[in-house]
Amino acid sequence: MSNNASATTSVTTTPPRKSESGLPADLKSTPHAVGSAVVSEHIDTVGVDISDVRPWIARDVRNFKQCGADEMLQQLLEMCADPNQSLPPNQKSTLLNTSLEAVLPLCNGPGVAQKIKQHLTKFCNIESETPSYSDFVEAANRALRGLRKVNVPGMPAFQDDDETNVLFHVNDPSFIHQAHQGEKSSRKPDIVVVSHQTAADIIPEGKSKDVYLSARKAPTKDHENFQWVDVRTTFEFKRPKPRLPLPPSAYTKDYVAPSVPYMEYMKETDASTQSTDPTPAMACISAASFDICGAVQNISDRLRSNKRGSDHLGSNEPSTSKRSRQDEERQSKQEERTNKKKKKGSKKPHPVIQNGLYVAEMFAAHTARQHVISFIVNNDIIYLWWFDRQHTIQCAGINFVQDLPRFVVLLFIMQRMGYKQWGLHPLFEPEPGYEGEIIVEYEDDTEGHNKKRCIDLTLDLNSEKRTTHFGLRGRATTLFPVKSKALSALPRRSHFLNESTELVAKLFWPEEARQSEPEILEEVYKIASADPDVLGHVPEMVWFHKFEDTSTAIIRKALGIDDAGSRVLYIIVFRKLDPITTLSGEEFLLAWWEAVKCHRALWTRGVHHRDISPSNLMVYRLRGRFMSVLNDFDLSSIKRSLSSIQHIPRGFERTGTVPFMALDLLTPEAIAGEVEHMYRHDAESFIWVLTWVCLRYEEGKLLSKGRPLDEWLTVDALGCAEKKSQFMFKGIGSKNLRTPISHSVSWKVAKKCLKMVYIQDGALSDFTSTNDEEVFQTWLQQHVPKDILQTTIPSGQ
């Protein structure tokens, strides 16, 4: 595969994976951002409070896949197997049985086994949750110490290294803090698993450095707080039963199946309580807005034409679930009602949500963490959860009191896991928090034969311009300033105008089956070389690489789980750009208009962007003025690649970031995949972006308080459509709507453009008679001031 984006040859296409979702195998598209990805990648740009991501995390964790306890333990053992010991396949497949045999002495008899059983007995007799943490930690840590002498053929031996040797540590009520693009999160997991060195580091000077003694209690005020980068995993507890069955007199290898093998979260819904009229009654619009009556009622009718719900998050994801999308919609609505009822009660969310939030913190703490393994303890049952960027897998429960051997095997696995098995990428993070230079080695075939090349990369992980991701599923895009001698020395292509020498690295997890962003960008560059509206207005890709061994399909195939929708890690290095939101006045309006023209030119030539948002509109300075850039093509499609597909609804092409998506794409029909993504939808997205920036930014900075439209970030697709239609109906003319002075001219343009959206959507116009050029002119161009329309690119280019 060619990884040199500056070469003259085109980028090699990633072979498409076989479709398992009912869609054609040659379909190269990706659904809109899912779950927490809807807002978490735009925390700084759109102004998301980190607590606002919680509802999206809840949706991420709800639709999990399932696997058996023994199947997961066997797979984890194989992951940890010593590469220097070549086991025959028949022995490798029996690692679990061999390990159970090896740990039985630690579960039966005197000595360590007796101590473990004593702590488990105390755990069962304690009638509340928090006091039980200490005995759980004692039992686990005693088992870990006993496991040091246990050897299993094919597994690595215990290494007495404080940096890698782990232990359990009580954490609640101590907080663990982390910054996310300027927003601070504070969470307190019940129990954490950390290295011996990390446990020792938080103990104050002058105190005993006995980490096992310290681990029994949460860090106090004189201790240092743990950092998420040092946390291997977390255990979240739920103790509804006051007393639990005591340990048996002896243990065997037989699996003790829990009465409830899997944790259920929002699986049952009461459809009879589903509201069919969520939109409040609306009167005629006043002259202060658009002086049009009844049009918004038509929008309301469309929004409630089907039963309403809220799980837009996976509506277009390939799915093997037997539940319909309508079921998921009703389910999410039920969740919202349940949460409202509980609002006056405990503030602590459901353990499944809480666990998901901790996992999101662990993902965010690392450069390119591939997966996170976490745990929920419900009474005496441990549920293992596997998280990666595809979706969540829940392992069947293990009763750690009645089935101690399997719990001890789990501890054995955790003790022998290296950083890679914990999910850290060995290249980007050979150890937690690594910040040094990395070298990417790859085979380059741009000259007709494979040649080994090396690219040096030094990521600036502490930069204020670093953009991190807080979430679970989806692309999980992160951006870092990067330096590279090899990339800086590459020749520049003539159709790029950005003169910056600074580079930015984009790490993300696209779907394997879809067309790659580098391939799409090569098509964009061909258009740019011949079209002045595109020239200089697209990002300059310097280099890219696909990490083939990171596919999320690997573990799913091993566990026998459908791997449709699998993702893989990419890195693309671009020339540095700045957010369009840093501009104001005529500079901003001109940049916005140039992005509109670039998008229109690309659309007419078959490149459909389909994800217009503030974060995807960027700028750079060139000869005294700002040049806008239509950025982020990883959700785009090339029209001709779909030309052979017939007799299939084209709603599956729909993508976007929910707060900026066209109203027509936020309806139940669109969620069901029955609405084709048209040019007018992206045109409308440009209008919503213009509105958003005008009302929420002053002199290039996000307003610190009193920001309008915040509610668009905290609702689902259908709820967002309702909020936006209400905004057009009465919000624009509200006396309480504050318009920043620096965007006064742009706001006048936005209101005129919104009027066109209001008229067309509200009146349910026949769009079949409205061509793309007419939309471009009547919705956008005719409302832009002449001095903006007549501005040209600086001479001498």
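Colleague: Which residue of strand 12 does V440 stand opposite?

Modeller: The model is a predicted one. In it, V440 stands opposite I455 of strand 12.

Colleague: How do you know that strand 11 and strand 12 pair?

Modeller: Two strands pair if at least two bridges are found between them. Strand 11 (residues 438-444) and strand 12 (residues 451-459) are joined by seven bridges, in the antiparallel sense. They therefore meet the requirement of at least two bridges.

Colleague: What makes strand 12 and strand 13 a pair?

Modeller: The requirement is at least two bridges, and two bridges join strand 12 to strand 13 (residues 478-483). The two strands therefore qualify as a pair, and they run antiparallel. Within strand 13, K483 is the bridge partner of T458.

Colleague: How many bridges link strand 13 to strand 14?

Modeller: Five bridges link strand 13 to strand 14 (residues 503-508), again in the antiparallel sense. L479 has K506 of strand 14 as its bridge partner.

Colleague: Why are strand 11 and strand 15 called edge strands?

Modeller: The open sheet has six strands in the order 11-12-13-14-16-15, with antiparallel pairing. Strand 11 and strand 15 (541-547) each pair on one side only, which makes them the edge strands. From one strand to the next, the twist averages 35°.

Colleague: What makes helix 19 and helix 24 roughly antiparallel?

Modeller: Helix 19 (residues 585-604) and helix 24 (residues 772-780) pack at an angle of about 175°, and their axes are 11 Å apart. Angles over 145 degrees count as roughly antiparallel, so helix 19 is described as roughly antiparallel to helix 24.

Colleague: Which residues make that contact?

Modeller: Helix 19 contributes W592, W593, V596, K597, R600 and W603, while helix 24 contributes D772, E773, F776 and L780. By class, the residues of this contact are six nonpolar, no polar and four charged.

Colleague: Why does R406 count as buried?

Modeller: Buried means under 20% relative accessible area. R406 has 4% relative accessibility, and therefore counts as buried. R406 is located in helix 14 (residues 404-416). Not counting residues up to four places away in sequence, R406 touches D70, L73, L100, K253, D254, Y255 and I398.

Colleague: How do you know that the side chains of R406 and D70 make a polar contact?

Modeller: A polar contact requires a pair of N or O atoms within 3.5 Å, one able to donate a hydrogen and the other to accept it. The side chains of R406 and D70 make such a contact at 2.8 Å.

How values were computed. Residues are numbered from 1 along each chain as its sequence is written. This is a predicted model: local features need pLDDT of at least 70, side-chain atom pairs count only at pLDDT 80 or more; totals for chains, interfaces and linings use all residues. Side-chain values use heavy atoms; hydrogens and water are left out. Axes are lines fitted to C-alpha atoms, for helices over the stretch in contact, and angles run from 0 to 180 degrees between N-to-C directions. Helices (H or I, at least four residues) and strands (E, at least two) are DSSP runs, numbered from the N terminus. Angles under 35 degrees count as roughly parallel, over 145 as roughly antiparallel, 65 to 115 as roughly perpendicular and the rest as oblique. Contact means heavy atoms within 4.5 Å. Ala, Val, Leu, Ile, Met, Phe, Trp, Tyr, Cys and Pro count as nonpolar, Asp, Glu, Lys and Arg as charged, and the others, Gly among them, as polar. Buried means under 20% relative accessible area, exposed over 50%, partly exposed in between (1.4 Å probe, protein chains only).
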